[in-house]
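Hi,

Here's the structure I promised to pass on. Have a look at it first, then read my notes below.

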Amino acid sequence: MIVWAGGAQRALVLAAALFVLTFLLAYAAGTAAAGVWMKGPAAGEAARFWTPARMRAAKPLEVGEEGGRAARIVEGGHGEPRRIPPLAARPGEFGDDFVEVPDPTAPGFAVHGVLFVDLGFFGYGRCSGTAVRSPNRSVVITAAHCIHSGSRFGRWYRSRAAFVPAYRFGQRPFGIFPVRWVDTTKEWRDSGSENFDVGAMVVGRNESGKALTEAVGGTGIAWNLKPQQTFDVHGYPAEPPFDGETQRLCAGTRFLGHDPNSFIVPGPLNLAVTCQLNGGASGGGWMIEGGETLNSVTDYGYFDEASPAYGSYFGKEVARLYGRAGAVR
Amino acid sequence: MKRQLPLLGLALALALGPASSAIAIASQGLPLLPPLPKSAVLERGLHSTQHGGPVRPDPLFRSGFVAATKGPYEVGVSTYGSGLYLEVWRGGKKQRTATTYLARGVAQPQRLQATFGKFGRVSMRFHRGRIRRVTKHCVFGRFLVKQHGVFVGNLRFRGEGGYASVQIHRAKGGILRVGKRCHVRRHRLFSPEELEELFAKPDAAMLSIAREGVDSTALLAIDAGKRSAFYAIDEETRPKLAIIRLAMARKPGRVQINESITSGTLAPPAPFHGSGRYRAFPDGSSTWSGSLSVNFPGAPHFPLTGPSFETLLEVPF
C-alpha cells in the first residue's frame, strides 16, 4: 500500500516519471534515426585533401574476416515490386562487355563514381557508387562493406569520405561531394550477411554549391523485382590489370544464378553475372532497363579468373534503406 | 569487390566442419576428421587472396536426422545456417562420396521444412519423447549438447535417375547445440609427434578448378604420406536449390610433380578412377588431361580433367 506523505514524494514520483518518459522518447528517437552522421569537411576542404595522388593511392575497401562471424537467422526477402524512375538520361548503345567507358561524363555514366575514404594509419580506401534520384537529391548507393565492416562488432569507415562522380585519371569533372551521412541495411549491421551487402550515403554539395543529382542526374532504383534481369555492371576496378582510374562497364550481362554460399547465410539469395571486375568495383551499380534503373551493386567474387561477379538482391531491406537515406535533410 | 574463397569452402565445411554434416548429428556431433596438412594450395583454396573468408553462420544449433534406406546410400537431413540440406552418402572416414541438396526453407531446431525441387521435400517436427535424453561432449573447449528425440512428418526423396529414394514419416534424430565452456584435462587432442606432423608441409599438392557461370568443379590433392587426401567437389546452383557433390579419399595415392613444376601426374585411390596429367609449356599455357573421373551419387563417371580446369601445383623447395 502506498501512503502519500506529502508534496515532496509527489514531486519525486513526477520527476522519476518524467525521467523515464524522457529516456523512452530519446531511445525511440535514437532507434528511429538510423544511420551515422559524419563530421565531414566542406566540399572545398575535401577537394584540397583528396589530391589526385591521394585518390590514386586509395586501395579497394574489403570486408575483414571479423566482419561476418555472427550471422544469424534474419527474415529477408520479397514483396511488391517497386520502381523509382530516373532523372538521368539513358546511356547510348555501348560496345562489348568489360570495356573502358571513354567518356564518363556522358549522360547515364556520370551518375557512377568513386567513393574515397581516409583510413588513417591504413592509408586510403576506395569503392564505387551510384547517384540515385531521391527527395534530397543527394543519395549514393554503394556496397555496405564500403562503409561498415559488418556484424554487431563492425566499425564505420567515415573519415573524410567523399564521392567523386565520373572520376577519371584524378579529374573531378563534377567536383567532389563530401559524405554527410551513411547507413547500411540493418541486417548487414546485425549479421554481416553477404546477402544484405548494400549501403547508402547522403552527400553534401560540391564546390560550386550544387546538389549531387542537380550536377550529374540520378538513376532510378527498383526493388522486389525478379532476379532474372539483364544488367549493365558499372565500376572502378583498381586491381591489376586495372588501375582504378577509369570507369568500366560490363554491358548487357545476364543473371546467371545464385552462389551456393548464399543459401546458408540470412537474406534473399544474391545474384551472379558474368563480369570480371575486381577490388575497387565494390558498390558499382548494376543497372537494368537500358541503364536507367539501379537494381543491385557489386559485392564480391572468387579468386579464380572465371568467377562471376556477385551482387545483393534488392528487396524490402534496400527499400527501407533508400527511404531512410532519402529522408535525410 | 571482395575476393572470397572458392567452392572449397562450403563443401569442405560440409565435409569436415566440427558441427556440420548429418553424420555429425548422428555421431554425437563430434568432428569427423582431423584437419588437413598445411598447404599453400589449400590456403589459397580456403581463404581469400586478400581479406579472409566469407560469412559463416554461427553454429548455434544443428538439427537433423538420418533416415534408414534399403540401398547402399544413407540419407540425412540437417540444418546449416539459413539453409536446410539433404545429404546422400556412402562410405566412411577414409573414403566417401556424397551429394548434398541445399535449399532454403524452415530451418529451426524443432522444425525442418523445405522443397528440394523435383527431388522431393521434407516437412518434419521434432518430438523429444517422454524421457528426456541429453548427451554432452566437450569438443574444443565447448560442450556440444545433443537432445535426442524423433522427427515426425514426411520426407520424400528420389535422386537423379532413382539412384536412391526414401519415403519416411518418422526418424530418430536430435538437436545439437553449443553449450558452456568446458575443459578436458585427461586427454590431449594431439601428441607432440602428431602436432609436428599436422604442421608439416606436404610433399606435393594440387588444386584444379573449372567454372562455368555459378557452377564449378574443384579437385584438391595433398600428398603427405599417411595424411594424404584427395577431394573432388562439384557445385551447381538451380533457381532455388544448390547441389554440392563431394568425393573424398584420405589415403595415399600417386602425386608426381617435377621440381620445375612443369609436369605432374595424379592418380588418386578409390572412389576416384583413372589418372590426370598436367603439362605446362614455355608460352605460359598448360593442359590438364587424362581419364580421371569419379562416381558421385547421382552423377556417375564425372570427368575431372579437361581444358576448362585452371590448375595450381605446389612442391617444397
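Let's start with a bond you can find quickly: A:Cys127 and A:Cys146 form a disulfide, with their sulfur atoms 2.0 Å apart. Keep in mind as you read that this is a predicted model.

A:Cys127 has 0% relative accessibility, so it counts as buried. A:Cys146 is buried too, again at 0% relative accessibility.

Now for another bond in chain A. A:Cys250 and A:Cys275 also form a disulfide, and their sulfur atoms are 2.0 Å apart. Here the torsion about the S-S bond is about 80°, so this disulfide is right-handed. A:Cys250 sits in strand β13 (residues 248–257) of chain A and A:Cys275 in the loop between β14 (271–273) and β15 (285–288) of chain A, so the bond ties together parts that are 25 residues apart in sequence. A:Cys250 counts as buried because its relative accessibility is 1%, and A:Cys275 counts as buried because its value is 3%.

How many disulfides are there over all chains? The count comes to two. If you number the bonded cysteines along chain A, the pattern is 1-2, 3-4.

Next, chain A as a whole. Its secondary structure comes to six helices and 17 strands. Of the 329 residues in chain A, 60% are buried. Chain A exposes about 13200 Å², and carbon and sulfur atoms supply 57% of that. If you take the contacts in chain A between residues at least 6 apart in sequence, 74% of them join residues at least 24 apart.

In soluble globular proteins, nonpolar side chains tend to be buried together. The largest nonpolar core here has 29 residues, and B:Phe65, B:Tyr101 and B:Phe116 have the most contacts inside it. Strand β10 (residues 165–181) of chain B gives the largest share of this core, four residues.

A search of the whole structure finds 16 aromatic pairs over all chains. One of them is A:Phe121 with A:Phe122, an edge-to-face pair at 5.4 Å centre to centre with 85° between the planes. Are these two residues buried or exposed? Both A:Phe121 and A:Phe122 are exposed.

A:Phe231 and A:Trp286 make another pair: their ring centres are 5.3 Å apart and their planes are at 65°, so the pair is edge-to-face. This pair links distant parts of the chain, with A:Phe231 in strand β12 (residues 230–235) of chain A and A:Trp286 in strand β15 of chain A, 55 residues apart. A:Phe231 and A:Trp286 are both buried.

There's also a cluster, in which ring pairs link A:Phe49, A:Trp50, A:Phe116, A:Tyr124, A:Tyr167 and A:Tyr236. One member of the cluster, A:Phe49, has A:Arg160 lying over its face, at 4.2 Å from the ring centre. Chain B has such an arrangement too: B:Arg90 lies over the face of B:Tyr73, at 5.3 Å from the ring centre.

One last stop is B:Pro269, which is in the loop between β16 (263–267) and β17 (272–273) of chain B. With 16% relative accessibility, B:Pro269 counts as buried, because the cut-off is under 20%. Setting aside neighbours within four places in sequence, B:Pro269 is in contact with B:Phe230, B:Ala249, B:Lys251, B:Pro252 and B:Gly253. B:Pro269 and B:Ala242 are 27 residues apart in sequence, and their C-alpha atoms are 27 Å apart in space.

Cheers

Conventions: Residues numbered from 1 in each chain as written. Chains lettered and ligands numbered in written order. Predicted model: local features only at pLDDT ≥ 70, side-chain atom pairs only at ≥ 80, totals over all residues. Heavy atoms only, no water. Disulfide = S-S within 2.5 Å. Buried < 20%, exposed > 50% of the residue type's maximum accessible area, 1.4 Å probe, protein only. Helix = DSSP H or I, 4+ residues; strand = E, 2+ residues; numbered from the N terminus. Contact = heavy atoms within 4.5 Å. Areas by Shrake-Rupley, 256 points an atom, 1.4 Å probe, with all protein chains shown as cover. Core = buried A, V, L, I, M, F, W, Y, C linked by side-chain atoms within 4.5 Å. Phe/Tyr/Trp six-rings, centres within 6.5 Å; stacked < 30°, edge-to-face > 60°. Lys NZ or Arg CZ within 6 Å of the ring centre and 35° of its normal.
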